[in-house]
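Have the viewer open as you read.

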Amino acid sequence: MLIPHPLLGLRDAQEFTYLGDAALLDRPDGLAADAEASFADYVYLRNNPAGVHRELWFHEHGDRSWLIVKRNTVTHEILGAELARDVALASRGEAQ
Amino acid sequence: MRFSGFRVLREALTGHGGWRPLWRNCEPQPSYDFVIVGGGGHGLATAYHLAAVFGQSRIAVLEKGWLGSGNIGRNTTIIRSNYLLPGNEPFYEFSMKLWENLEQELNFNAMVSQRGIVNLIHTDGQRDAYRRRGNAMLHAGADAQLLSRDQVRDLAPFLNFDNARFPIKGGLMQRRAGTARHDGVAWGYARAADLLGVDLIQNCEVTGFRIENGKVAGVDTTRGHIGAKKVGVAVAGSSGRVMAMAGMRLPIESHVLQAFVSEGLKPVIPGVITFGAGHFYVSQSDKGGLIFGGDIDGYNSYAQRGNLPVIEDVAEGGMALMPMIGRARLLRAWGGIMDMSMDGSPIIDRTPIEGLYLNAGWCYGGFKATPASGYAFAQLMATGNPHEAAAAYRLDRFTRGYVIDEKGAGATPNLH
Amino acid sequence: MTRLAGGLIDRSQTLDFTFDGKSFKGHPGDTLASALLANGMRLVGRSFKYHRPRGVFAAGSEEPNAMVELRTGAWREPNTRATMVELFDGLEASSQNRLGSLRHDLLAVNDLFAPFFAAGFYYKTFMWPKAFWERLYEPMIRRAAGLGSLSMQPDPDTYDKGFLHCDLLVIGGGAAGLAAALTAARAGASVILADEDFRLGGRLNGESHSLDDMPATGWINSLEAEFASLPNLRIMRRTTVFGAFDHGIYGAVERVSDHLAAPGAGVRQTLWRITARRTVLAAGATERHVPFANNDRPGIMLAGAMRTFANRFASCPADRVAIFTNNDDGHRTALDLSAKGIEIAGVIDTRDGAKVFGSYPLFAGAAVTNARGRLGLKAIDVTVDGRTQTLRCGALGVSGGWNPNVHLASHHRGRPCWDNGLQAFLPGEDLPAGMIVAGAAKGEGTTHSALNSGASAALQALADLGLSASRPRLPQAEDAPTNLKPFWHVAGKGRAWVDFQNDVTVKDIKLAHLENMRPVEHLKRWTTLGMATDQGKTANVTALAVMAELTGKSIAETGTTIFRPPYTGVSLGVLGGGDTGKNFRPSRLTPTHQWASANGAVFTEAGQWMRAQYFPRVGETTWRETVDREVLATRSGVGICDVTTLGKVDVQGTDAAEFLDRIYANKMASLIPGRVRYGLMLREDGFAYDDGTCARLGEDHYVVTTTTAQAGPVYRHMEFARQCLWPELDVQLISTTDAWAQLAVAGPNSRRLLERIVDEFDLSNPAFPFMACAETTVCNGLRARIFRISFSGELAYELAVPARYGNALMERLIEIGADLGATPYGTEALGVMRIEKGHAAGNEINGQTTAQMLGLARMVAKGKDAIGAVMSRREGLAGDSRVLVGLQPVDPAEPVVPGSHLFSPGAAQTTANDLGWVTSACHSPNLRSSIGLGFLAGGGERMGEEIIAANPLQNQSVRLRVVSQHFVDPEGGRLRD
């Protein structure tokens with residue numbers, strides 16, 4: 001597979017380490033009253049779609065950036081990639 | 001019809017005209033007491049045990065393709081009960097005991113072959129871990145043996161003992177482990193279930209669940225609605241997709257695992273050999289093909305096909321372990337979709353929806369579990385009580401913190 | 001049989017070769033198959049199950065029968081298709097899968113018992129008595145199983161891997177592929193043309209018709225001349241593209257030197273990973289046969305192959321041949337053979353009213369109903385209108401039409417579609433992204449249409465890429481229809497083979513039908529159809545046509561099985577790429593490796609690292625003796641150990657403290673500059689992840705250490721937290737594991753030793769107490785970091801210098817510390833001292849254990865949102881009563897064995913009674929007994945009790961006493977000395 005790194009262009013997927021669903025960006029508040037329930041959901045449950053999946057890849061043998069790659073899990077077609085940090089910052093912006 | 005050497009002889013002499021279909025082609029009835037979704041190994045074994053052990057009737061198995069088209073038809077055929085944790089080892093040993101009597105029970109030769117499995121040891125730390133595991137196996141009533149380097153060498157002199165990056169220092173052997181003919185297992189259960197009156201319905205895909213007042217009432221399928229008092233889902237690989245139709249999210253990701261077979265070669269590999277340090281394991285079939293595999297590709301996938309890096313990685317492991325296979329050829333590579341669970345262990349449990357049961361999360365260990373999984377799932381569905389060997393496989397173990405994590409990899413499915 | 005005239009062989013040179021020890025001659029340009037045929041060798045192999053005598057059946061990679069063991073000794077290569085072996089001088093080949101000689105194979109007895117070996121027979125028998133499967137039946141089956149045999153010696157050749165990128169990959173160098181490559185290369189695109197053959201041209205090489213009034217070879221030669229002038233075109237002969245993977249990546253194997261007697265200094269094969277923006281699949285088509293009784297006799301082959309052998313290789317299996325066909329193409333073979341002087345016994349055409357194209361006997365509306373001649377065809381039975389006559393012939397060419405080679409088009413699981421007009425499966429709509437199919441592979445099989453289809457495909461591909469190109473002038477070529485009329489098999493009582501190698505006959509398919517194994521996948525698995533080394537290239541479509549006939553369904557409804565890589569077998573050696581032996585994985589060497597090597601260290605693998613395990617001295621006879629000495633020398637004087645492999649992460653930024661407070665379970669923000677703190681990281685699921693030290697070098701500057709094994713994962717995890725969880729924090733990370741050499745200097749003399757190398761740095765207790773850290777210089781100006789931390793429990797320091805000075809520093813310390821007893825120690829002594837001190841390591845923090853179990857529950861701080869804190873409080877984790885304890889044998893002579901399980905004395909040793917296990921153990925030279933650590937249920941309340949360590953795996957059962965895990969200096973006085 002080839003991953004379109006937003007800064008470095010098409011890179012071989014072997015340069016990356018895969019983590020999983022990009023929902024892992026949305027870490028619950030560990031000090032909230034319902035933290036145990038929300039963390040159980042966050043840590044263990046997955047949508048696991050057959051179709052477009054937003055997922056985390058780490059450019060381990062590259063620039064060490066975490067990417068969010070949009071990929072179809074049925075066809076493996078890649079629809080785009082963003083820096084996870086940008087996405088995380090943007091979602092902070094929305095939250096505020 | 002009973003299969004026997006005599007029967008084969010008689011048919012051979014009379015032109016094979018007397019054989020009968022291995023199972024009927026059934027039309028779906030309007031309703032059943034038990035509907036099993038998934039005509040793979042686990043689904044067929046569940047239906048068989050419901051009828052044969054728990055005396056149930058009005059049972060249907062719904063299969064979206066052909067019987068045995070899931071992971072039972074695309075695995076590396078290994079059976080073993082060499083687990084570490086108390087949540088797992090008794091279950092797999094229960095399965096092993098069922099394997100040992102499978103053919104006589106089903107009247108079908110699935111070629112259960114107990115030629116042994118050896119996990120190679122390369123470091124002192126690994127030896128400690130395997131010693132712990134071997135003792136856990138013995139304490140659970142299974143067999144295990146710690147082999148020295150020389151004993152491994154006697155067993156498999158063709159391994160790389162002289163020029164290895166990770167020298168072989170011994171092995172953990174389970175003699176009763178081995179292989180079984182994967183398709184034969186599916187067919188054996190299908191035929192036996194059919195003879196007990198189970199309706200096997202192929203080309204029948206479930207498209208939705210009928211749930212009324214929190215209770216399951218049946219399933220919608222590509223062949224119409226089928227009513228059911230109880231529905232058991234055994235569709236590993238597709239569990240996420242199917243259970244989403246019941247509104248459930250699971251502690252499971254779907255991943256592709258590739259496996260490989262070489263061209264036929266005169267048999268030289270005694271049993272199953274696993275090379276953990278090199279992501280490689282191998283056995284040789286009764287036809288002569290080397291059957292081998294390694295790690296999952298590592299990304300979520302429903303594509304039933306993998307990519308080149310893993311093929312290279314597995315071949316590298318194979319060449320490092322046994323450089324005498326260099327001139328043999330890879331004949332076929334294939335990919336199966338695994339239910340990779342969050343702790344690497346399976347789920348056999350009720351769901352929050354009454355009457356809906358789930359058998360899922362087998363990672364790449366589903367084949368060896370087939371008999372026990374079918375038995376335990378049938379018991380749960382028929383009696384409401386979990387089988388004691390499968391009692392740990394609960395859905396709520398994740399929220400409550402009773403995970404069964406053999407590798408200690410945590411909630412990262414591609415590391416299990 | 002002598003050579004025919006003509007052909008693309010170089011008669012000026014003669015090559016000697018042997019087959020089954022007998023000498024033969026051939027010429028450059030021959031394949032082993034063509035040379036054997038030219039020498040009159042029709043019998044070349046045996047089938048898998050029945051050991052039927054077999055001959056060459058095809059001329060290409062689809063060959064099911066003619067498989068040999070090529071070469072000898074460690075170079076032996078089993079299951080090698082004679083049709084793909086380029087002849088070289090001195091070639092040695094042997095037939096395989098036989099007991100006795102090829103002509104008198106004792107296992108041919110299987111054929112007599114064939115009625116018992118029908119499809120699926122083994123599922124129905126061999127079950128009684130139960131124990132006989134492993135003892136009798138299976139060994140019997142395995143003795144007969146398999147085809148060729150491995151040499152059992154390491155593969156002596158070398159292999160390589162490479163990466164290629166191109167605009168257009170053209171797969172197949174026949175008419176369509178050549179036209180595609182020409183079109184694209186002239187337009188300036190970067191083009192790769194790959195073909196499995198050693199000669200470009202594909203089927204053109206096997207045909208006699210002309211292009212633009214010249215022989216096809218003339219046109220190919222003119223193209224080759226032009227190709228040579230195009231630097232943007234790479235021609236890869238002897239290269240099989242075996243798989244289509246994601247995103248335009250193709251796997252290909254170039255057989256670099258398989259056509260030579262020996263690779264010499266070069267590699268045998270190269271694995272290419274080709275990334276192509278667009279691909280033209282011009283893989284051609286494979287002829288299919290028509291099953292009839294005894295259609296597997298040596299001398300019976302595909303008609304197109306027979307034509308290729310005659311035209312290209314100037315060879316023919318017999319002087320008098322017949323043709324069996326359902327289309328006009330079969331007649332073309334008769335004409336070409338006739339032109340070469342071969343006598344045509346007749347053309348048997350299944351079509352009523354078939355036309356004759358030359359002067360040969362024609363049997364229209366006829367069928368071949370039997371073949372005679374066990375070791376080589378002697379005659380065939382021809383039946384017309386119910387009347388049968390015997391026709392003498394030494395070879396028979398069979399043509400049942402052509403199957404497009406859709407394999408690569410279907411590698412992404414797209415299904416081919418049945419075309420009723422062409423009576424063939426064509427590539428479906430669902431192709432791998434970027435692929436266009438051309439030529440016979442999409443049913444455009446005449447030379448004219450193949451050429452044009454190839455050019456069109458290239459034009460389309462280039463247009464997709466935004467490159468302009470023009471259609472080249474292509475030569476005039478034949479464009480005759482084949483007028484095929486479907487005819488799938490000859491009905492009759494005898495066995496008619498569908499899959500030759502695996503011995504699957506029409507009867508087996510009928511049996512599968514009778515037993516309801518009707519879906520194609522069941523058919524395949526029940527009969528083993530298409531599972532032989534040829535992957536059913538000449539069998540599958542015919543088989544499912546037979547099944548369609550039996551079920552009354554159309555072929556389209558019947559469908560195909562899945563096409564999977566590789567297209568043809570690929571050697572495991574080349575897939576492994578040569579990274580074998582010691583090169584299997586990289587070896588990371590520590591900075592002091594050179595010094596350790598020179599000083600006799602024994603090394604051990606620690607992941608990719610090679611670490612000094614111990615340093616034996618002359619006179620020491622066991623490793624234990626050495627390790628005991630190193631431990632005692634350290635605890636009484638000073639020991640030095642390279643601990644560089646521990647991961648180091650440099651953490652800087654104004655929010656570094658806040659960041660680390662969230663990464664570690666314990667509080668880190670309160671750490672003051674110049675101090676170090678032990679830190680425990682949890683995974684988000686609450687289990688212990690890793691431990692190490694965290695040193696605050698400055699207000700905004702920390703250095704985190706990890707364990708050796710987790711250095712990579714922890715860094716990745718920290719980057720995840722930084723980039724994905726808390727991007728708003730001002731913090732930067734960099735892994736500096738390899739940048740700093742780090743030495744542990746431990747023991748009561750460690751301060752005195754370090755004082756000799758530091759540059760004006762006060763190491764005294766008040767100035768630099770336990771858990772202090774500082775940046776300074778040593779050895780007259782060398783940058784260094786000093787940490788007063790201890791894994792051994794002694795007064796100890798870790799000293800870090802830039803990696804390149806690590807070796808020199810080790811040398812200096814040993815040299816100037818001689819009077820202080822400076823002793824190098826390895827990982828064994830390190831392990832002994834940490835067990836004596838009761839520190840957890842990899843065996844204790846193995847991903848399955850918790851802070852609670854490690855006795856560190858109180859470190860998990862409340863009131864801050866650190867990773868894993870929430871989940872660590874779940875009942876299953878918080879309620880786990882197993883805790884880390886020390887274990888000592890009641891009888892000091894007995895061992896503590898890691899991996900033993902713990903039981904109460906007298907309790908049955910079962911899973912249900914299991915109380916825990918021994919994690920680590922060693923011999924303690926200080927306690928003069930074996931000691932260990934372990935997790936024990938209720939361990940806190942069992943201090944002083946006896947417990948049984950059961951190791952039934954080695955028939956051991958040892959009484960242990962539960963003690964504190966801190967065997968040495970439990971109060972920690974030495975640390976603070």
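Predicted model: local features only at pLDDT ≥ 70, side-chain atom pairs only at ≥ 80, totals over all residues.

A residue counts as buried when its relative accessible area is under 20%.

**Aromatic pairs in chain B**

Over all chains, the structure holds 48 aromatic pairs. Two of them are set out here.

| Pair | Geometry | Centre to centre | Between the planes |
|---|---|---|---|
| B:Phe260 and B:Phe292 | stacked | 5.5 Å | 25° |
| B:Trp362 and B:Tyr393 | edge-to-face | 6.4 Å | 75° |

Let's take the phenylalanines to begin with. B:Phe260 sits in strand 12 (residues 252-264) of chain B and B:Phe292 in strand 15 (residues 289-300) of chain B, so their pair links distant parts of the chain, 32 residues apart. With a relative accessible area of 1%, B:Phe260 is buried; B:Phe292 is buried too, at 4%.

Now for the other pair. B:Trp362 belongs to the loop between strand 18 (356-360) and helix 10 (366-383) of chain B, while B:Tyr393 belongs to the loop between helix 10 and helix 11 (397-400) of chain B; the pair therefore ties together parts that are 31 residues apart in sequence. B:Trp362 and B:Tyr393 are both buried.

**A helix crossing in chain C**

How do helix 9 and helix 10 of chain C cross? The axes of helix 9 (residues 506-514) and helix 10 (residues 520-527) of chain C come within 10 Å and cross at roughly 120°, so the two helices are oblique to each other. Their crossing is right-handed. Helix 9 of chain C contributes C:Asp508, C:Ile509 and C:Ala512 to the contact, and helix 10 of chain C contributes C:Leu523, C:Trp526 and C:Thr527. By class, this contact has four nonpolar residues, one polar and one charged.

Technical notes
Residues numbered from 1 in each chain as written. Chains lettered and ligands numbered in written order. Heavy atoms only, no water. Axes fitted to C-alpha atoms, helices over the stretch in contact; angles between N-to-C directions. Helix = DSSP H or I, 4+ residues; strand = E, 2+ residues; numbered from the N terminus. Parallel < 35°, antiparallel > 145°, perpendicular 65-115°, else oblique. Left-handed = near helix turned anticlockwise from the far one by under 90°. Contact = heavy atoms within 4.5 Å. Nonpolar A, V, L, I, M, F, W, Y, C, P; charged D, E, K, R; others polar. Phe/Tyr/Trp six-rings, centres within 6.5 Å; stacked < 30°, edge-to-face > 60°. Buried < 20%, exposed > 50% of the residue type's maximum accessible area, 1.4 Å probe, protein only.
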